[in-house]
Amino acid sequence: MEIGVISDTHGLLRPEAVEALQGSDLIIHAGDVGNSEILEGLSAIAPVHAVRGNTDRGAFGSTLPLTTVIEIPPTIEAKPAPSVLIYVIHILDDLDIVPEASGVGVVIYGHTHRPKAEWRGDVLYLNPGSAGPRRFQDPITLAILRFSEEPGARPAVEWIDLAPGGTGP
């Protein structure tokens with residue numbers, strides 16, 4: 001299973017992001033979406049789960065949950081394997097659960113505009129970075145999260161640089 005992970009679009013859905021997300025089985029947006037057109041564009045690629053970011057306000061922002069949990073079923077039904085729970089929140093400092101105690105295997109967050117993948121014990125903490133307008137010298141990125149068919153294998157993260165060379169808005 002391949003999951004596209006994007007965050008901090010702030011109303012800009014880059015053509016490079018649309019291209020990079022092609023083939024995703026699912027897309028997760030970790031907040032600061034900007035407007036409903038972003039989610040509509042992503043939904044044309046794959047089913048989308050999104051959370052509200054600190055800049056998602058008003059009528060649009062109120063339609064988005066602050067957090068969500070997504071259950072990823074085993075990729076091969078013939079081999080018994082547990083599901084993976086993904087917890088999505090915009091600001092990691094607002095995390096309101098203990099992932100290990102809740103059975104969560106992946107925590108996805110945004111907000112910082114900096115891509116990061118870090119294993120803390122058996123939990124992957126993943127920030128795809130920002131795919132929206134450039135801020136300072138932060139990279140413009142998203143991530144692809146791949147779940148292997150191999151039982152017990154950890155998910156792998158692939159980074160997609162949407163503005164190689166640091167050029168562009």
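**Strand pairing, salt bridges and burial in the predicted model**

Trp119 stands opposite Leu124 of strand β8, and Trp119 itself lies in strand β7. The structure is a predicted model, in which local features need pLDDT of at least 70 and side-chain atom pairs count only at pLDDT 80 or more, whereas totals for chains, interfaces and linings use all residues. Residues are numbered from 1 along each chain as its sequence is written, and side-chain values use heavy atoms, with hydrogens and water left out.

Strands β7 and β8 (residues 123-127) are paired in the antiparallel sense over 5 bridges, where pairing requires that DSSP find at least two bridges between two strands and where strands (E, at least two residues) and helices (H or I, at least four) are DSSP runs numbered from the N terminus. These two strands belong to an open sheet of 5 strands with mixed pairing, arranged in the order β4-β5-β6-β8-β7. Its edges are formed by β4 (67-72) and β7 (116-120), each of which pairs on one side only. From one strand to the next the twist averages 20°, the axes being lines fitted to C-alpha atoms and the angles running from 0 to 180 degrees between N-to-C directions. Apart from neighbours within four places in sequence, Trp119 is in contact with Leu124, Arg154 and Pro155, contact meaning heavy atoms within 4.5 Å. The C-alpha atoms of Trp119 and Gly105, which are 14 residues apart along the chain, are separated by 9.8 Å.

Strand β8 also contains Asn127, which at 0% relative accessibility counts as buried. The side chain of Asn127 makes a polar contact of 2.9 Å with the side chain of Thr112; such a contact is a pair of N or O atoms within 3.5 Å, of which, within protein, one must be able to donate a hydrogen and the other to accept it, residues adjacent in sequence counting only if both atoms are side-chain atoms. When neighbours within four places in sequence are left aside, the residues in contact with Asn127 are Tyr109, Gly110, Thr112, Arg114, Pro115, Lys116 and Trp159.

A further set of pairings involves strand β9. Strands β1 and β9 run antiparallel and are joined by 4 bridges, with Gly4 having Ile144 of β9 as its bridge partner. Strand β9 also pairs in the antiparallel sense with β10 (residues 156-161), over 6 bridges, and here Thr141 stands opposite Asp161 of β10. Strand β9 is mostly covered, 5 of its 6 residues being buried.

Across the whole structure, 7 salt bridges are found (a side-chain nitrogen of Lys or Arg within 4 Å of a carboxyl oxygen of Asp or Glu). One of them joins Glu2 to Arg146, with the closest N and O atoms 2.9 Å apart. This pair links distant parts of the chain, since Glu2 lies in β1 (residues 2-6) and Arg146 in β9 (residues 141-146), 144 residues apart. Arg146 is partly exposed, at a relative accessible area of 33%, and Glu2, Arg146 and Glu158 are linked in a network of salt bridges. In another salt bridge, the side chains of Glu118 and Arg120 meet at an N to O distance of 3.2 Å; Glu118 counts as partly exposed at 27% relative accessibility, as does Arg120 at 35%. A salt bridge of 3.4 Å, N to O, is formed by the side chains of Arg135 and Asp138, of which Asp138 is buried with a relative accessible area of 9%, whereas Arg135, at 31%, counts as partly exposed.

In helix α2 (residues 36-43), the buried residues are Ile38, Leu39 and Leu42. Seen down the axis of α2, these residues fall within an arc of 95° and so line one face of the helix, the arc being that of the directions from the helix axis to the C-beta atoms. Their cover includes β1, α1 (15-21), β2 (26-29), β3 (48-50) and α3 (58-62). At the start of α2, a side-chain oxygen of Asn35 comes to within 3.1 Å of the backbone nitrogen of Glu37.

Note on methods:
Buried < 20%, exposed > 50% of the residue type's maximum accessible area, 1.4 Å probe, protein only.
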